[in-house]
Amino acid sequence: MRTKQVNGVIAAIVCAASFIIGLVVILFVVPDFNQGAEYRLAAFTKHKLLMQLWYFLVYVVFGFSLLILSRSLLELTDGEHSFLEQITSLVSYLWACYILACGLIAILSIEFLFSHNSDGTQHISEVWRQIYTIQMGLGEGVEWVGAIWVLFINTCLQERNRFPQPIILFGYFIAAIGMLTLYRPLADIGALFGLFQIVWFLAIAFFLAREWIKHRAQVNCSHLNG
């Protein structure tokens, strides 16, 4: 299997797994996590290490996996890249950096919050409100940024006519849902964006693996004919 295809399949599966872990924890372990600053602080107080691990997997691991997947999808062909591919590569790096920054800030903020608690619960609450404001100002959900990436990467895939049209159209549908999260009353559909992204990532892994199988079969035929 060509290295970039191998990396792409693994990265797509890891991206899907990150979304699954993220949704499971939010829906079943800390269901009030996104209901406000007080609820989030309560989740950190009760599940400090779990939430730090959650941020690491859902943000840091996902961010690096996203870069690997993007490189696999954009660099399978040799030669000079088109303007669209260059812009898509830039958007990939921007989204990955955005996610990494949000994740690392959250992880370090939790550590800072509970390592400077000598002044009591009231002090923690006041400090947390300031941190929470910064996190929300950064747009921790980042669904709309992900939607932009999906939009560009699908356009590149469509231009190359690599994957079946239904998966391309599904990607555009996901991008539209992600864009809708910019409208505050529809912010909760970010969970739907995550669910559909899981399916999309797994589908991408499947089609990358299928490309390899076809390539391997061609290589084996050429060896037999040789």
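Which residue forms a salt bridge with Lys48? I looked it up, bearing in mind that this is a predicted model. The partner is Glu111, and the closest N and O atoms lie 3.0 Å apart. I then checked where the two sit: Lys48 belongs to helix α3 and Glu111 to helix α4 (residues 83–115), so the pair links distant parts of the chain, 63 residues apart. Both ends are partly exposed: Lys48 has a relative accessible area of 21%, and Glu111 comes out at 37%.

**Other salt bridges**

I asked for the count next, and it comes to four salt bridges. I followed up two more of them.

Arg129 pairs with Glu38, with 2.0 Å between the closest N and O atoms. Here helix α5 (residues 121–138) supplies Arg129 and helix α2 (residues 37–46) supplies Glu38, and the two residues are 91 residues apart. I noted Arg129 as partly exposed at 43% relative accessibility, and Glu38 as partly exposed at 45%.

Glu85 and Arg160 also meet through their side chains, at 2.5 Å from N to O. Buried or exposed, I wondered, for Glu85? Glu85 is buried, with a relative accessible area of 9%. Arg160 has 19% relative accessibility, and it counts as buried because the cut-off is under 20%.

**Helix packing**

I turned to α1 and α3. Helix α1 (residues 3–29) packs against helix α3 (residues 48–74) at an angle of about 150°, and their axes are 8 Å apart. That makes the two roughly antiparallel, because angles over 145 degrees are put in that class. I also noted the hand: α1 passes α3 in a left-handed crossing. What is the make-up of the contact by class? I read off 19 nonpolar, seven polar and one charged residues.

**Cysteines**

How many disulfides does the structure hold? I found zero. Cys15 is buried, its relative accessible area being 0%. Cys97 is partly exposed, at 47%.

Notes: Residues numbered from 1 in each chain as written. Predicted model: local features only at pLDDT ≥ 70, side-chain atom pairs only at ≥ 80, totals over all residues. Heavy atoms only, no water. Axes fitted to C-alpha atoms, helices over the stretch in contact; angles between N-to-C directions. Helix = DSSP H or I, 4+ residues; strand = E, 2+ residues; numbered from the N terminus. Parallel < 35°, antiparallel > 145°, perpendicular 65-115°, else oblique. Left-handed = near helix turned anticlockwise from the far one by under 90°. Nonpolar A, V, L, I, M, F, W, Y, C, P; charged D, E, K, R; others polar. Disulfide = S-S within 2.5 Å. Buried < 20%, exposed > 50% of the residue type's maximum accessible area, 1.4 Å probe, protein only.
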